[in-house]
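Here are my notes for you on this one, written as numbered points. Have the structure open while you read.

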Amino acid sequence: NVKCNFNDVIGYDKVKEALEDEVQYILSSQEEKNNMKKFNIKPKRGHLLYGPPGNGKTTFAKALAGENDFYYIRVLSKDFIGYSSLDILKKLETIFSYTIKLSKMTNKGGIVLFFDEIDTLINKQMDFNVRGTLLSYLEDEKGIKSDDSKIILIGATNYKNRLDQASIREGRFDNKLEIDYPTDEEAVLMLKQFFEKDEVLDISLLDDEFYKQLIEKLKEEKENLSSANLEKIKESEKTKAYKKGNVRDGKIVVGV
């Protein structure tokens with residue numbers, strides 16, 4: 001079981017909504033699926049999360065599984081580096097056959113099959129045989145893309161430009177979802193949520209100006225506004241307040 005849900009992912013509501021659309025499709029009745037097919041309504045299946053590092057692409061996949069009590073299978077694509085094409089083919093066969101078998105047997109709602117750092121597997125220099133086999137797995141309408149499949153396929157990369165374009169086209173990865181750095185306004189809201197979520201903090205003295213100043217400080221230090229850096233700021237303020245002795249009623253008072 002994955003102890004993570006969308007409460008652990010701050011911001012990016014449109015990405016959450018796009019991922020949840022396929023969950024709803026998987027959980028819908030066969031009658032509803034037949035109706036969608038009748039009206040030629042095709043759900044987007046296969047999701048590529050791309051964008052700069054530090055914005056929680058891996059957390060998104062884990063949160064989707066945790067939010068819906070789905071199985072979570074994470075494949076570290078970098079683990080394919082250094083293997084012969086034959087060994088890679090064997091690994092892929094194991095991954096896909098196991099996941100499809102689990103999809104047919106499980107009583108859970110579904111499975112999130114997550115390929116992290118997918119550019120190390122499906123890049124432009126990939127072996128011809130590996131490429132052909134992988135493409136057949138990604139678009140297999142009797143496998144992970146079958147009507148009764150409970151598998152949500154997600155790939156993540158920091159380097160979308162390195163990917164083999166045929167591997168990520170429609171029918172393989174229908175949804176290309178950018179997870180970019182937030183704007184200043186979004187960063188303020190995200191930072192505020194990081195503080196609000198930390199149950200050991202007393203934030204009663206904080207206002208929007210406090211968060212805006214922290215964002216400006218981060219920019220002055222030439223740091224990007226990734227969610228990882230925003231959380232790091234929160235931790236820094238928390239530690240600073242604790243060292244000052246700003247503890248009251250069992251909580252650390254920040255902003256004093």
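**Notes on the pockets and the strands**

1. Helix α2 (residues 30-38) gives the largest share of the lining of the largest pocket, at three residues. Keep in mind that this is a predicted model. The pocket's volume is about 540 Å³, and 18 residues line it. To find its centre, look for K42, P43, R45, E141 and K145, which lie nearest to it. By class, the lining has eleven charged residues, four nonpolar and three polar.

2. Now for the second largest pocket, which holds about 320 Å³ of space. It is lined by 19 residues, with G11, Y12, D13, E186 and M190 the closest to its centre. Two elements, α1 (13-27) and α6 (184-197), each give two or more residues to this lining. The largest share, five residues, comes from α6. Here the classes divide into nine nonpolar, seven charged and three polar.

3. On to strand β4 (residues 151-157). Seven of its seven residues are buried, so the strand is largely enclosed by the rest of the structure. I151, L153, G155 and T157 point one way, while I152, I154 and A156 point the other way. Residues on both sides are buried.

4. What does β4 pair with? Strand β1 (residues 47-50) runs parallel to β4 and is joined to it by four bridges. Y50 stands opposite T157 there. Strand β3 (residues 111-116) is also parallel to β4, with five bridges joining the two. In that pairing, V112 has I152 as its bridge partner. If you follow the chain from β3 through helix α5 (residues 128-138) to β4, you trace a right-handed β-α-β unit.

5. Take a look at S103, which sits in helix α4 (residues 85-105). Is S103 buried or exposed? Its relative accessible area is 5%, so S103 counts as buried, the cut-off being under 20%. Leaving aside neighbours within four places in sequence, S103 is in contact with I111, D148, S149, K150 and I151.

6. Last, T58, found in helix α3 (residues 57-68). T58 is partly exposed, because its relative accessible area of 23% falls between the 20% and 50% cut-offs. Not counting residues up to four places away in sequence, T58 touches Y72, R74, F114 and D116. T58 and T157 are 99 residues apart along the chain, and their C-alpha atoms are separated by 9.7 Å.

Methods
Residues numbered from 1 in each chain as written. Predicted model: local features only at pLDDT ≥ 70, side-chain atom pairs only at ≥ 80, totals over all residues. Heavy atoms only, no water. Buried < 20%, exposed > 50% of the residue type's maximum accessible area, 1.4 Å probe, protein only. Contact = heavy atoms within 4.5 Å. Pairing = 2+ DSSP bridges. Right-handed = clockwise from strand over helix to strand, strands pointing away. 1 Å grid on protein atoms, 1.4 Å probe; cavity = no way out; pocket = protein on both sides within 12 Å on 5 of 7 lines; lining within 4 Å. Points joined across faces, edges and corners; volume = space filled by probe spheres on them. Nonpolar A, V, L, I, M, F, W, Y, C, P; charged D, E, K, R; others polar.
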